[in-house]
Amino acid sequence: MVKSMTGYGKAEVILSSGCKMTVEIRTLNGKSADIGIKSQILPKDKELAIRSMIAQRLQRGTIDVYITLEQPAQVASHPINTELLKSYLDQVRAFEKEQGIAADATDAQVLATLLRFPDVLDAKKADAITEEDLPLLDQVFDQAISAVENYREKEGRVLDADVRSRIANIQALYDQVEAFEPERIEAVRAKLQKNLEDLAQKVDPQRFEQEMVFYLEKLDINEEKVRLRQHCKYFLETMESDPYPGKKLGFIIQEIGREINTTGSKANHSGIQRCVTMMKDELEKMREQSMNIL
């Protein structure tokens with residue numbers, strides 16, 4: 001089954017501290033597994049195992065991992081250390097009285113400033129991830145990766161249908177090339193005969209036929225037809241049998257392009273040249289799509 005390298009997955013879990021941890025994974029096409037973890041929450045001793053899990057299951061692509069932590073209201077709202085705040089406030093008033101400074105700030109402004117002092121708010125923030133949370137960590141990443149895999153499979157079905165249609169179009173265009181073959185041979189023969197007539201030269205008919213056979217052999221595209229059809233067949237077989245065919249499909253596309261180009265160089269016929277141009281257009285669209293196939 002063809003899978004896309006484009007994907008998105010999201011999963012959430014409640015940690016032992018009551019905090020909600022959200023894991024988002026976004027993937028784009030890439031030559032290898034380029035994993036970027038955009039968070040400092042993940043324990044360093046656990047990061048390697050998580051990276052290994054992601055690389056093993058997602059295989060290739062530019063993979064960005066976002067981890068966020070949301071504290072519940074009872075954790076996020078910290079109680080005020082009233083004794084420390086009162087001490088700070090008494091010291092401010094005593095300093096103003098000692099220095100003879102007229103207090104020109106309201107109590108609200110003073111309090112707002114003091115609340116930003118260290119330890120005035122009892123921020124008893126629990127560690128983001130504890131030993132108790134490690135099984136939950138594996139669980140949330142497993143769910144996020146599974147969501148990415150489902151997304152990739154869905155996108156892959158679209159890619160599969162598209163490249164199959166391109167292969168079918170190329171094969172149909174080559175059938176048209178074959179239909180032009182008799183006309184092309186006659187056109188080449190007529191052109192050579194006309195050139196001889198213009199030169200007013202008499203030639204031996206037998207020798208002429210020998211030269212015609214030799215010339216047409218150089219323009220023969222039977223080998224290209226056979227190889228192109230073999231490459232197209234191999235392309236479809238690879239899509240069906242290889243779990244991660246992206247790189248191999250790119251190589252097969254190069255081989256198909258080589259046969260199309262050789263056909264174009266031997267064409268000597270406007271109809272065949274038109275078919276070759278259309279096949280190149282289909283192949284270029286295939287190449288663009290294959291770059292996103294896992």
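Six bridges join strand S3 to strand S4 (residues 61–70), and the two run parallel; strands here are DSSP runs of E with at least two residues, and helices are runs of H or I with at least four, numbered from the N terminus. Two strands pair if DSSP finds at least two bridges between them. This is a predicted model, where local features need pLDDT of at least 70, side-chain atom pairs count only at pLDDT 80 or more, and totals for chains, interfaces and linings use all residues. Residues are numbered from 1 along each chain as its sequence is written, and side-chain values use heavy atoms, leaving out hydrogens and water.

**The sheet**
- Four strands form an open sheet in the order S1-S2-S4-S3, with mixed pairing.
- Strand S1 (7–14) and strand S3 (33–38) are the edge strands, each pairing on one side only.
- Isoleucine 37 stands opposite valine 65 in S4.
- Helix H1 (residues 44–58) packs on the sheet and touches strand S2 (20–28), S3 and S4; contact means heavy atoms within 4.5 Å.

**Two helices side by side**
- The axes of helix H8 (residues 246–265) and helix H9 (residues 270–290) come within 10 Å and cross at roughly 170°; axes are lines fitted to C-alpha atoms, for helices over the stretch in contact, with angles from 0 to 180 degrees between N-to-C directions.
- That makes H8 roughly antiparallel to H9, a label for angles over 145 degrees.

**Confidence**
- The chain's mean pLDDT (the predictor's confidence in each residue, from 0 to 100) is 84, and 85% of its residues reach 70 or more.
- Confidence is lowest in helix H2 (residues 73–76), at a mean of 52, and highest in H8, at 95.

Definitions and conventions: Angles under 35 degrees count as roughly parallel, over 145 as roughly antiparallel, 65 to 115 as roughly perpendicular and the rest as oblique.
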